[in-house]
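Hi there,

Here is the structure I promised to pass on to you. Please open it and keep it in view while you read my notes below.

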Amino acid sequence: MRGASDSRLLRLLNGQRIVDAMFDAAPRGISRADIARVTGLSKPTVSNLVADLESSGLIRLAETPTTSGNVGRPAMLYEFVPEAGFVVAADVGATKIIVGVANLLGTVVSEQELETGPNAETALNRVAETAHQMLSEIGGQAGSACIGIPGIYRPHSDSVEQALNLPGFEGMRVRAKLEELLDMDVHVDNDVNLAALAEADLDIDQTNFAAISIGTGIGMGIIVGGELYRGGTGAAGEVGSLTLHASSADSNTPLILEDISSAPAIRKQFGQAAESGYSTELHGSADVPEIFDAAAQNDPAAIHVLESAAEAMATAVMHVCLVIDPERIVFGGGVGANPVFVEAVNTELRRRLPQPVEVFASTLGRRATFLGAVSRALDELHESLVTDTLGRLR
């Protein structure tokens, strides 16, 4: 809206208030009278702008009008045309990519899972190629995109750091490359940050919480006052690097959380436990779900490893609670969302604290980051809708 004349700026601002009111009511329709009541705008102003928004194809009359009583004409309700806008969202992981397209109301209309490929450049190219194909198939245009990446994104330098499981980001201007490939505005963010946004959308009453993803690595997204907190340089939430007081047997270097509670660490510790004499019915190369299932069946080696991982994670959770005082903590990822692990961490927290924060397993599964990317891309699209639609009319 920058650079607009006073009258045009006022028109755009009023249009934004109307669109915001309609999004608050969505997916239900809303009448012009209710728009006027909610926004405080005059009825003539609302009528004129609603007519313009309708002629632009952004909104339409709902098919089923309703009445507030048994007499009088039914109120005409207006709703968004879902196909009036689309967004692209993607979760770029170390081995898999989820990419999809959602409509104006957030409904995912197309979604695919791809192999990541050998490096970051291949992965981003695959995201763009698939997105263009999806948009072509549905006959739509996307106004914004959000891409989740497995590392620290530095907005000031448009770079990604510490994406240890996906090489090739070095020297790449990530957002600039994606905007060139996709030909639209792109938002780039850490994958766990986006997962936290998706969790926030599930429970809007929880405005202060943390989402911790525990899998190959460990990361945390932080919601404070209902908003994602990224920190001064975009690196907030790197809890996997938290130094613990323990040291490994063959080194004086302190262990970090990922050395004990990540999936590779749990597998390694189980093999070591089996070799050192802990009895077990499992092979020493067992994977994490098997280890946790065995722990639930009182397998000594599996219990030993589970307790070690849960104790370390409980220590990290306690530090998080001291710093940000969350109302709740959500665990995701292949390790974190496992109910056996969640219960072990909660048991350890109850043992240590008189009023411990409750830890919950995420219900979003592997799509958490992708759904958070949809939400973030829609936020960007909503901010540009009025300028793009009303700006074309006059």
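Start with helix 8 (residues 263–275) and helix 9 (residues 288–296), which pack at an angle of about 60 degrees with their axes 10 Å apart. Because of that angle, helix 8 counts as oblique to helix 9; roughly perpendicular would need 65 to 115 degrees. Their crossing is left-handed. On the helix 8 side, the contact is made by A263, I266, R267 and F270, and on the helix 9 side by V288, I291 and F292. Sorted by class, that contact has 6 nonpolar residues, 1 charged residue and no polar ones. Do keep in mind that this is a predicted model.

Next, have a look at helix 1, which covers residues 6–25 and so has 20 residues. From its first C-alpha to its last it reaches 29 Å, close to the 28 Å expected at 1.5 Å a residue. Which residues of helix 1 are buried? They are R11, L12, N14, G15, Q16, I18, V19, A21, M22, F23 and A25.

Finally, find A36, which sits in helix 2 (residues 32–39). Is A36 buried or exposed? Its relative accessible area is 9%, so A36 is buried, the cut-off being under 20%. Apart from its neighbours within four places in sequence, A36 is in contact with L41, K43 and V46.

Enjoy exploring!

Best wishes

Definitions and conventions:
Residues are numbered from 1 along each chain as its sequence is written. This is a predicted model: local features need pLDDT of at least 70, side-chain atom pairs count only at pLDDT 80 or more; totals for chains, interfaces and linings use all residues. Side-chain values use heavy atoms; hydrogens and water are left out. Axes are lines fitted to C-alpha atoms, for helices over the stretch in contact, and angles run from 0 to 180 degrees between N-to-C directions. Helices (H or I, at least four residues) and strands (E, at least two) are DSSP runs, numbered from the N terminus. Angles under 35 degrees count as roughly parallel, over 145 as roughly antiparallel, 65 to 115 as roughly perpendicular and the rest as oblique. A crossing is left-handed if the near helix is turned anticlockwise from the far one by less than a right angle, and right-handed if clockwise. Contact means heavy atoms within 4.5 Å. Ala, Val, Leu, Ile, Met, Phe, Trp, Tyr, Cys and Pro count as nonpolar, Asp, Glu, Lys and Arg as charged, and the others, Gly among them, as polar. Buried means under 20% relative accessible area, exposed over 50%, partly exposed in between (1.4 Å probe, protein chains only).
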